[in-house]
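User: I'm new to this one and would like to learn how to read it. Could you walk me through a few features?

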Amino acid sequence: MTKVSEAPKARLERPVHPAPKEGRRRPFIVEFYGSAVAKKWLMAVTGIMLMGFVFAHMVGNLKLYFGEKSLNQYAEWLKEIGEPILPRTGLLWILRFALLGAVVIHIVSAAQLTRMNRRARPDRYKAPRDYAAATFASRTMRWTGVIVALFVIYHLMDLTWGVGGAEWTSGEVYQNIINSFERWPIAIVYIVANLALGVHLYHGGWSMFQSLGWNNGKFNDWRRMFAIGFATIVVVGNVSMPLMVVTGVVN
Amino acid sequence: MKVTLTVWRQPGPSATGRFETYEVDEVSEDMSFLELFDVLNDRLIGKGEEPVAFDHDCREGICGSCSMMINGRPHGPELGTATCQLHMRKFQDGAKITVEPWRAASFPIVRDLVVDRSAFDRIVESGGYITAPTGSAPDGNLILIPKAVADSAMDAAQCIGCGACVAACPNGAANLFTAAKIMHLNLLPQGQPERWERVTNMVQTMERYFGSCTNHGECQTACPKEISIDFIALMNRDYIKAQFKQRRLASQRG
């Protein structure tokens, strides 16, 4: 049977993550970003920016139901906002770069934290775990995040750059959407991706309050309700569009 | 009653371990889970076999020594219960029970079910104290503390440092432990002078040993003292504030 093969060492424990180099004073931003708690805070802040975009994007696109003229006018207005102090499409490009920055910070932080977590538990449990609190959404954040990121790339190719395979004309937003969503495999891709986004928002929309430290016994119940409500509104709004087009209700 | 135990056996820190199965009969349902291991070990010694090494001390749920992953949950299936206070009546007769040590890079296995939790000491050393003048004890209630504050600080101070939060966390994070150790001081007036230093140093020490929080909430369910993840949010808030705080104004109120 088991024998004592070696005496326990006086100190087994060793830090698993490298320490910052001593002596050199690092710039505040580098120092701040070095912490996992700060990375989660940044993920919450960028998450809020992205949620703002997702919500506005959905509300804007619902003009699909008000007809071709309404949607195309709205698309044209997006290019004009900020005029005359900013040039045409000026504010649009500022917003695009802000969103791109938010996406990069959100994804890079997530990737770095995932690596940190893998190092913190290199040996998994050998017997099955019995999770008591973790939800499907919280356990699949990485996968739903990857699905949404890949979808966003296709979505840009499809309806912004016009290289998604459907007939596409710049400025003819309504017709471009109809052309794209009429292909039922593509409609399914849009629907599945938005369901993944909903699952991501169900956890993220709650988790961000914890990461930001917004915890108050008076309002804590509202945090989960907010996440459920937000995820539901976004999913229903976004899924309805490909569904209505592919079923021929909108054409 | 009779149970079938599948226990992780590992002779030393760098030895390879494996599960061994033991049938234990004539188990009283009034036994604690640790007493089950006492019985098993008595019988193993009787047969000339090596007993199972496991951590235990007070056996009344306040020392934080016991550390068993029972059927995939730290301290077993009961809420708010350490392994020592888990009784065999909570299991069915003939139950199959799998027992594993905590698993985390910073909780290396010493032997069988014993892990080295010194990393927690490193975190507490880096700020889990207040600097107080020595001398005669001050009169009671010289510093007034609102009831809600005292209650909350006591909730955090219940932490016994068992490591169930790390064991339960899918990321191997120690945020619940560290938050409890920071916030029971940061909530109280006595903790204010070192508040920003404490949260910065303890969080940064924690992050050298453990993973990061993704708000699953497994830790608070596993905690034998039922410490809430509310404290993690308060720790995050204090940490971010501390990074932007102008320290020389730290004594100003408001």
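User: Let's start with helix packing. At roughly what angle do the axes of α2(A) and α4(A) cross?

Analyst: Two packed helices are described by the angle between their axes and the distance between the axes. Keep in mind that this is a predicted model. Here the axes of α2(A) and α4(A) cross at roughly 140° and come within 9 Å. The crossing is left-handed.

User: Which residues of α2(A) meet α4(A)?

Analyst: Among them are L42(A), M43(A), L50(A) and F53(A), and the α4(A) residues they face as a group include L99(A), V103(A), L113(A) and M116(A).

User: Now the two chains. How big is the area buried between chain A and chain B?

Analyst: The size of an interface is often given as the accessible area lost when the parts come together. For chain A and chain B that comes to about 5100 Å², with carbon and sulfur atoms giving 56%. E13(A), V37(A) and Y125(A) supply 12% of what chain A buries against chain B, more than any other three residues. In residue terms, 56 from chain A are in contact with 66 from chain B.

User: How many salt bridges cross the interface of chain A and chain B?

Analyst: The rule finds two. R73(B) forms a salt bridge with D130(A), where the closest N and O atoms are 3.0 Å apart. There are also 32 residue pairs in polar contact between the chains.

User: And which helix of chain A gives the most to the side that touches chain B?

Analyst: That's α8(A), with six residues.

Note on methods:
Residues are numbered from 1 along each chain as its sequence is written. Chains are lettered from A and ligands numbered from 1 in the order in which they are written. This is a predicted model: local features need pLDDT of at least 70, side-chain atom pairs count only at pLDDT 80 or more; totals for chains, interfaces and linings use all residues. Side-chain values use heavy atoms; hydrogens and water are left out. Contact means heavy atoms within 4.5 Å. Buried area is the accessible area (1.4 Å probe) that two parts lose on being put together, summed over both. A salt bridge is a side-chain nitrogen of Lys or Arg within 4 Å of a carboxyl oxygen of Asp or Glu. A polar contact is a pair of N or O atoms within 3.5 Å; within protein, one must be able to donate a hydrogen and the other to accept it, and residues adjacent in sequence count only if both atoms are side-chain atoms. Helices (H or I, at least four residues) and strands (E, at least two) are DSSP runs, numbered from the N terminus. Axes are lines fitted to C-alpha atoms, for helices over the stretch in contact, and angles run from 0 to 180 degrees between N-to-C directions. A crossing is left-handed if the near helix is turned anticlockwise from the far one by less than a right angle, and right-handed if clockwise.
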